[in-house]
Amino acid sequence: MSLANNYHIAVPTAFHENEDLNVDATLEHIRFLKKLGVNSVLLCASTGEQHSLNLSEKIELVESLERLDVSSDFEILFGISSIRQIEAKQLASKISRVPQISSVLIGYPPYILPTQKEALNYTTSIIERVNKQAVIYNNPLRTGFDLSIQSYKDLIDNHYISGIKEAGNPQKISELNEVIDSPLIYFAGGEKELEKKICLGYNGLSSIAGNLYPLEVKQWFDSLLKNEDTQDYNLLKNKIDKLFEDSPLPLIKNEISIIENINFGICRTPLGNWTQTKRCILKIWESYFRELEQPKKPISEFTWFFRNGLFVLK
C-alpha cells in the first residue's frame with residue numbers, strides 16, 4: 001500500500017531544560033495536530049535534531065508511538081539516518097515491529113561522504129530490515145553527499161520506494177520523471193521556493209511551518225497543486241518568511257508551548273543559544289520588577305534593542 005498523504009508535518013523533538021528527551025511532550029504535539037485534522041506526521045527527521053539523538057533515545061521514541069492512540073489511517077513516518085550503518089539497521093529492525101509507523105524516511109549520514117555504491121548498500125540494508133515502504137531523503141547541503149539519478153533509479157527499480165524527498169537540486173525531479181515509470185510522491189523539504197518546486201514536478205510537502213499553521217499551509221499547498229488563484233496567501237507567506245529569518249526551531253518550539261499549553265522545552269545547544277540567553281535575561285528583569293513592586297506590562301510586550309553590547313528593554 002502506498003502512502004495516502006502527500007502532505008505531512010515534520011514535528012520537532014521535545015527536550016527538557018537539561019536537554020533530556022521529552023517523549024510525552026512530543027506525543028502531545030502530535031495529538032494536538034491530529035485533533036486539528038492533520039493526517040500525517042514525520043518524526044526524527046528534517047528538523048536536524050535526530051543526529052543529536054543516540055540509538056537508545058531513537059528507540060525510546062519509536063516505542064512511545066505504540067501508546068499513541070490514533071486511527072489506522074493516521075500516517076506516521078519515522079526518519080532513519082546514522083553515521084553508523086549497524087545502528088541504522090538496528091533502528092530499522094525495531095521500527096518493523098511497530099504497526100503505528102507506516103513508512104520510513106531514509107537519510108544519509110553526514111560528513112563521511114560515502115560513495116554511491118556504499119550509499120546503495122546502506123539504503124538496501126535498512127529497507128530489507130524495516131519491511132515497510134520507504135521515502136528516500138537526499139539533502140546534500142546538510143550531509144555533503146548527493147544521491148545520483150542512477151542510484152535513485154536502482155533503488156526504485158529494486159525496492160518498495162513510495163516517495164522521494166529531494167532537498168538538493170530541484171531539477172532532479174524533472175530528470176527522475178523521465179527515467180522512472182513508477183508513480184511517486186516527490187516531497188519538497190519545507191516551504192522555501194514551494195511554488196517553483198511544484199512547477200518542476202514536486203507533488204508533496206514535508207512541512208516545517210505546518211507545526212504552527214497546519215491547516216493553512218495545507219490549503220495553500222493544495223491550491224498550488226491545483227494551480228488555483230482564488231485566495232490571497234500573502235499573509236501566510238509573510239508569516240513563514242518571518243519564521244525562517246532566524247533559526248526557526250527555537251521559535252517553533254516556543255510557539256508550540258504557548259499555543260498548545262505544553263512545556264515543549266528547548267533545542268539541544270548550540271541551536272537556541274540566543275533563545276536561552278534571552279530567557280535568562282527575561283528572568284532577571286522579572287525578578288527586578290518584582291523587587292520594585294510596581295505595575296508592569298507583560299515582559300513579552302517589551303521591545304528589544306541591542307545597543308553597545310547591552311540588551312535594552314523599552
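The exercises below concern aromatic contacts, cysteines and a surface patch in a predicted model.

**Exercise 1. Determine how the rings of Tyr108 and Phe145 are arranged.**

Step 1. Because the planes stand at 50°, with the ring centres 5.1 Å apart, the pair of Tyr108 and Phe145 is tilted.

Step 2. Tyr108 sits in the loop between strand S4 (103-106) and helix H4 (116-130), while Phe145 sits in the loop between helix H5 (140-143) and helix H6 (149-158). The pair thus links distant parts of the chain, 37 residues apart.

Step 3. Buried means under 20% relative accessible area. Tyr108 has 3% relative accessibility, so Tyr108 counts as buried. Phe145 has 4% and therefore also counts as buried.

Step 4. Tyr108 and Phe145 form one aromatic cluster together with Tyr122.

**Exercise 2. Which residue lies over the face of Tyr137, and at what distance from the ring centre?**

Step 1. The residue is Lys165.

Step 2. Lys165 is placed 4.5 Å from the ring centre of Tyr137.

**Exercise 3. Count the disulfides, and state whether Cys44 is buried or exposed and whether Cys199 is buried or exposed.**

Step 1. A disulfide requires a pair of cysteine sulfur atoms within 2.5 Å. By this rule the count is 0 disulfides.

Step 2. Cys44 has a relative accessible area of 3% and is therefore buried.

Step 3. Exposed means over 50%. Cys199 has a relative accessible area of 71%, so Cys199 is exposed.

**Exercise 4. Describe the nonpolar surface patch that contains Ile83.**

Step 1. The members of the patch are Ile83, Tyr111 and Ile112. Together these residues have about 370 Å² of accessible area.

Step 2. Ile83 lies in the loop between strand S3 (75-80) and helix H3 (85-95).

Step 3. Because its relative accessibility is 48%, Ile83 counts as partly exposed.

Conventions: Residues numbered from 1 in each chain as written. Predicted model: local features only at pLDDT ≥ 70, side-chain atom pairs only at ≥ 80, totals over all residues. Heavy atoms only, no water. Patch = residues over 30% accessible without salt bridge, like charges linked within 9 Å, V, L, I, M, F, W, Y side chains within 5 Å. Areas by Shrake-Rupley, 256 points an atom, 1.4 Å probe, with all protein chains shown as cover. Salt bridge = Lys/Arg side-chain N within 4 Å of Asp/Glu carboxyl O. Helix = DSSP H or I, 4+ residues; strand = E, 2+ residues; numbered from the N terminus. Buried < 20%, exposed > 50% of the residue type's maximum accessible area, 1.4 Å probe, protein only. Phe/Tyr/Trp six-rings, centres within 6.5 Å; stacked < 30°, edge-to-face > 60°. Lys NZ or Arg CZ within 6 Å of the ring centre and 35° of its normal.
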